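This report walks through one protein model, part by part. Start by looking at the chain as a whole, then follow the headings below.

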Amino acid sequence: MSHAHGNPRPIEPRLAPRFHALLAAHPPQPDHPRTEERAEALLADAIQWRASDVHIEPSTTETRLRFRVDGVLHDVATIPVFSGHRLSAFFKTLAQIDALALARPEHGHGRMEAAGTMVELRTTVAPTVSGEMLGMRLLDTNRPLLRLDDIGMSDPDQQTLQMWLESMQGMLLVGGPVGSGKTSTLYALLHELQKLPRSILTVEDPVESRLDGITQIEVNPKRGLLFADAIRAMLRLDPDFLLVGEIRDPESAHVAITAAGSGHALLSTIHARDAVGTVTTLRNVGARDWEIAAALEVGISQRLVRRLCMSCRTDAPATEEEQACFAAIGEAPPATLFTARGCNACAGTGFSGRLGIFELWRVDAAARQLIAEGTDDLILARHALRHGLHPLLHDALAKVAEGRTSLAEIRAVSAEGSRASTAYAVS
Ligand SMILES: [Zn+2]
């Protein structure tokens, strides 16, 4: 790693090998900028490392190029400001954003092929004090669907979901913060369904992956097609399963919960603190207790953590402090724990890909009764724990013990805790 003078953020050139090769062969010159070549090299590098975003960030002295990989931003190169400006202009044109200087942030869409892969780019440009900053979200619309196994779901949790899929009724909600992999979980469920002769419809904003044999529509608020209208339209087609991208307003919540309460199987995402918190969020968007009790079948809470790189991970005896984390929740502390220092296979990051950690709540008859009676969520959480709910923190620590992620990666989960863990502690 090299450190730019006066800037504490290191550059990781291994994340942008093609771009750096081009820089070395042809240093940027104002009269021969090779902009398209640089843009292609940059995107090819981003695709190789499965970056979700590419940022072009100018300062007064240089422009930094950054990739978001597995949720973390890495600086991958610096180039002269004029070269960064040309690169930004190229991507703005591709996204059909006015190439002239902007007074306010602008968004646009474009597609480009690099390294044999067509990627969809959702581009945002924002004027800053040191020039225009450009951010691109990369959507690889043809990427293969992940399976429940691939996203890190345990066998017992997978079996619970299989049972729900076979029952074909009610609502399954996946909760978690933005960027916690909720949509990937829904897609993994669709992957299970794809094998069966079922009619499956989706209402999304935007459609993130195109799926064979599944009818997908995209909401379009600018043209007046809102979630609630789209759900109503899709219900007329009487699907076996309906996937709704997100329940986020009272109207879409009402339509979704009515559909799920009247014999349709519905999958969606929601902002919720933990699995039982899906009930709280539904109450907060105006759903009535009896409606929730009739519709909700499965509540899931999830987070994403980075997977340790298998090429450079090493184990060491667990310290007393580390063992205490396991003992605190009543789990047997492992003798050794894994960390990774970084190697060429992971571009020095120590991680490769991400893994979901899950808390899965199957609503049973007694819980349904409690919801209908308006019972608060702390009592619901205690009930769920006594009837088999495996809290998020337990799943996280199990994955640490297996050496799939590090204790540091799950720190955010343990710090935030969950109501379920709180209930566990006091019950
Ligand atoms: Zn490595």
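## Around helix α12

D376 caps the N-terminal end of α12. One of its side-chain oxygens lies 2.9 Å from the backbone nitrogen of L378. The helix itself covers residues 377-386. Helices here are DSSP runs of H or I with at least four residues, strands are runs of E with at least two, and both are numbered from the N terminus.

Within α12, D377, L380, A381, H383, A384 and L385 are buried. Buried means under 20% relative accessible area, exposed means over 50%, and partly exposed is in between, using a 1.4 Å probe and protein chains only. Just after the helix, G388 takes a positive phi of about 100 degrees.

## About the model

The model is predicted, so local features need pLDDT of at least 70 and side-chain atom pairs count only at pLDDT 80 or more, while totals for chains, interfaces and linings use all residues. Residues are numbered from 1 along each chain as its sequence is written, and side-chain values use heavy atoms, with hydrogens and water left out.

## Two domains

The chain is divided into domain 1 (2-139) and domain 2 (155-426). These bounds come from an automatic or database domain assignment. The domain centres, taken over C-alpha atoms, are 33 Å apart. Domain 1 brings 12 residues to the contact, and domain 2 brings 14. Contact means heavy atoms within 4.5 Å.

Between them, the two domains bury about 1000 Å², with 52% of it on carbon and sulfur atoms. Buried area is the accessible area (1.4 Å probe) that two parts lose on being put together, summed over both. Which residues of domain 1 lose the most area to domain 2? They are R14, W49 and D70, together 47% of what that side buries.

## What the domain contact is made of

No salt bridges are counted between domain 1 and domain 2. Two residue pairs are in polar contact there, both at pLDDT 80 or more. A polar contact is a pair of N or O atoms within 3.5 Å; within protein, one must be able to donate a hydrogen and the other to accept it, and residues adjacent in sequence count only if both atoms are side-chain atoms.

On the side of domain 1 that touches domain 2, β5 (72-79) and β7 (117-128) each supply at least two residues. By class, that side has three nonpolar, two polar and seven charged residues. Ala, Val, Leu, Ile, Met, Phe, Trp, Tyr, Cys and Pro count as nonpolar, Asp, Glu, Lys and Arg as charged, and the others, Gly among them, as polar.

## Salt bridges

How many salt bridges does a search of the whole structure find? The total is 25. A salt bridge is a side-chain nitrogen of Lys or Arg within 4 Å of a carboxyl oxygen of Asp or Glu. Side chains of opposite charge can pair when their charged atoms come close.

One of the bridges joins D229 and R232, at 3.4 Å from N to O. Both residues sit in helix α6 (residues 227-235), three residues apart, so about one helical turn separates them. D229 is partly exposed at 31% relative accessible area. R232 is also partly exposed, at 33%.

## Bridges across the sequence

R368 and E297 meet in a salt bridge of 3.4 Å, N to O. R368 lies in helix α11 (residues 365-372) and E297 in strand β14 (residues 296-308), so the pair ties together parts that are 71 residues apart in sequence. R368 is partly exposed at 21%, whereas E297 is buried at 11%.

E409 pairs with R306, and their closest N and O atoms are 3.0 Å apart. E409 lies in the loop between α13 (392-401) and α14 (411-416) and R306 in strand β14, so this pair ties together parts 103 residues apart in sequence. Is E409 buried or exposed? E409 is buried, at 18% relative accessibility. R306 is buried too, at 15%.

## A network around D75

Salt bridges with shared partners join R9, E57, E62, R64, R66 and D75 into one network. D75 lies in strand β5 and is buried, at 4% relative accessibility. Its side chain makes a polar contact with the side chain of R64, at 2.4 Å. Leaving aside neighbours within four places in sequence, D75 is in contact with R9, P10, I11, E12, R64, L65 and R66.
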